[in-house]
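Here are my notes on the model, for your review. Please read them with the structure open.

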Amino acid sequence: MSNPSNPLLDQVGLPSFQRIRPEHVEPAIDARLADCRETIARLTRDVAIPTWENFIEPLEEIDDTLSRTWSPVGHLNGVLNSDALRAAYNACLPKLSDYGTEVGQNEDLFRAYQAVAAQEHLDTAQHKLLDNALRDFHLSGVDLPADKKARYKAISQELSTLTSKYSENVLDATNAWSTLIEDPQRLKGLPESALALARQNAEQQGKDGWLFTLDMPCYLPVLMYADDRDFRFEMYHAHGTRASDQGPNAGQWDNGEIMERILGLRHELALLLGFANFAERSLATKMARSSEDVLAFLNDLADRSVTQARHELAELQAFAREHSGVNELAPWDIGYYAEKLRVHRYQISQEELRPYFPVSRVLSGLFGVVERLFGIGIQEVEAFETYHPDVRFFEIRDLHDGALRGQFYLDPFARQNKRGGAWMDVCTNRMHTTRCDQIPVAYLVCNFTPPVGDQPSLLTHNEVETLFHEFGHGLHHMLTRVDYPAVSGINGVPWDAVELPSQFLENWCWERESLDLFAAHWETGAPLPEDLYERMTAAKNFQSGMQMVRQLEFALFDFRLHAEYDPQRGGRIYEILDEVRDQVAVIRPPDFNRFAHGFSHIFAGGYAAGYYSYKWAEVLSADAFSLFEEKGVFDADTGRSFLENILERGGSEDAMVLYVRFRGREPNTDALLRHCGIAA
């Protein structure tokens, strides 16, 4: 369908961002859904003997058309949010949810997929796509009686609306709060980069002073460096009470009832499908085999880490007492004194490293790393249609034959009306059929400190890791060789394996051989000094026990929240969180803290009963990198093996089969504990 008046319907390549308006969204989605329904009706009516070519391929193509229409809408809603776009986006969510449920519960479609799956001459990826599809039909309620199908559809629609509202509340609460500091005495300890950004924020609003927001480039430096304890508390309190019944905007964007409703609906949906709880439903599409396996995995890591974490906190308390006379550390003191102790012990801070990581050099170094590992070249494209001046566009080509493998948008800097955090998302999928030849395109989004004045954006080493992490996801999407969208790239990859390439690539942020490709002073060009590198690596595992138990706290809380839900008792959100903290936490937040009200990963993202995936995949990534430690960090054969067995295969085979094909065995936790500096 072509409609020049609606760019969402007219696009055949990259999105026409400049032409997309909120009023285009709903008509375009309505038209696409009508096309999809007509195609399904025609195929199920007219195709007597369904095959891959006459049945599955047309469905893949029409699904991809819908995906390409919705993708820029969802992306713009995250990076350039406005009231009008939000309304259009939300108006489409129930329609998309309804369509997804219709497809999943279509018995004629289900029987046709069964018929194709029983045929011979299918390749491995086709088999996997069909197996996944048949599984997902069951998970969509295709086997349910009519009344339960209707209830499933209603639940799915409401969950889609609620999770979007949860995310909006967090964004609105974050954007609504700021504090203007006019007394420079309150800013003592803050690095120049944070002060310059706050000054720029104030100037942009026509104010005199320093304006601090809850965006991470403002928030984290205050918690880490501000000598003024009251200022640290003010920021901590505002951030820790976002979208809740507490804090400066108490009740205005409160996610409390939404969270309870989400948990109740997820539980009901799981029961409809025959699962005991939503945690079991979540595991139906993951590597982990059972709830018991997940909890055993997390509890084992906790047992190995909590003693070290307690020891690290005791060291921090002793340091604060000795050097500052602080007898009891509050949560808003932890980052501040941790940075002081890091500097005291290793003579290094994140700010000392920042001048060596200008974003342009880090990008070129990142590209150099993946070029050596995977035989690909990355070039910037100057002429492209953008939605914001900060955005850049790149293409990836094979070095040996120049073939175009993929393209990506990079949106690196924090700004108002942009969702916090960092992520990779799909713009278009790789697809090759008799009628279509499409390369994969990705969105890579970060929230780094923007350039200030004449100074370029300078990254902390933590932010360098973030960039490498998201680019690992991007490579998984863009380097796929699988031609069918449902199992190409990150699609069809179990959620607890999808973090493998991203966490894996972070390792090259620490190796001298790779750092030499990009770590150089932004003014002088001098390489990262050897003594600074040695101090950086010596500090790598600083408080690794505390970091480990913090992630385990999130993972155990999420999993137990969904595994133990009882309709008679409700979510017991903070009760369960307190129990988990009794087990693993070494730092207890105050009663006003409402962490769960802003835990978007599990209430608005894809990590419900799946936050454990970060640690699960970290085992895979550490174990995978240990092979490079044995062979050499730029060993060409090992890089090619990772490319061919992991990145190029996407979701086309069982994740453990692919991992074993690369590594030669199943993973173990030894490398992870060694990399974290925790005794095995």
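1. Basis. This is a predicted model: local features need pLDDT of at least 70, side-chain atom pairs count only at pLDDT 80 or more, and totals for chains, interfaces and linings use all residues. Residues are numbered from 1 along each chain as its sequence is written, and side-chain values use heavy atoms, with hydrogens and water left out.

2. Five strands make an open sheet with mixed pairing, in the order 3-4-5-9-6. Strands (E, at least two residues) and helices (H or I, at least four) are DSSP runs, numbered from the N terminus. Two strands pair if DSSP finds at least two bridges between them. Strand 3 (376–380) and strand 6 (423–428) are the edges, each pairing on one side only. Neighbouring strands are turned by 25° against each other on average, direction ignored. Axes are lines fitted to C-alpha atoms, for helices over the stretch in contact, and angles run from 0 to 180 degrees between N-to-C directions.

3. Strand 3 pairs with strand 4 (residues 392–398) in the antiparallel sense, over five bridges. I378 has I396 of strand 4 as its bridge partner. Five of the six residues of strand 6 are buried (under 20% relative accessible area; exposed is over 50%, partly exposed in between; 1.4 Å probe, protein chains only).

4. Helices across the sheet. Helix 16 (residues 359–374) lies across strands 3, 4 and 5, at about 155° to strand 3. Helix 17 (residues 461–478) lies across strands 3, 4, 5, 6 and 9, running at about 170° to strand 9. Contact here means heavy atoms within 4.5 Å.

5. Helix 22. This helix (residues 573–584) has twelve residues and reaches 17 Å from first C-alpha to last, close to the 16 Å expected (1.5 Å times one less than the number of residues). Its buried residues are I573, I576, L577, V580, R581 and V584. They fall within an arc of 140° seen down the axis of helix 22, so they line one face; the arc is that of the directions from the helix axis to the C-beta atoms. These buried residues pack against helix 11 (256–272), helix 13 (291–324) and helix 21 (544–563).
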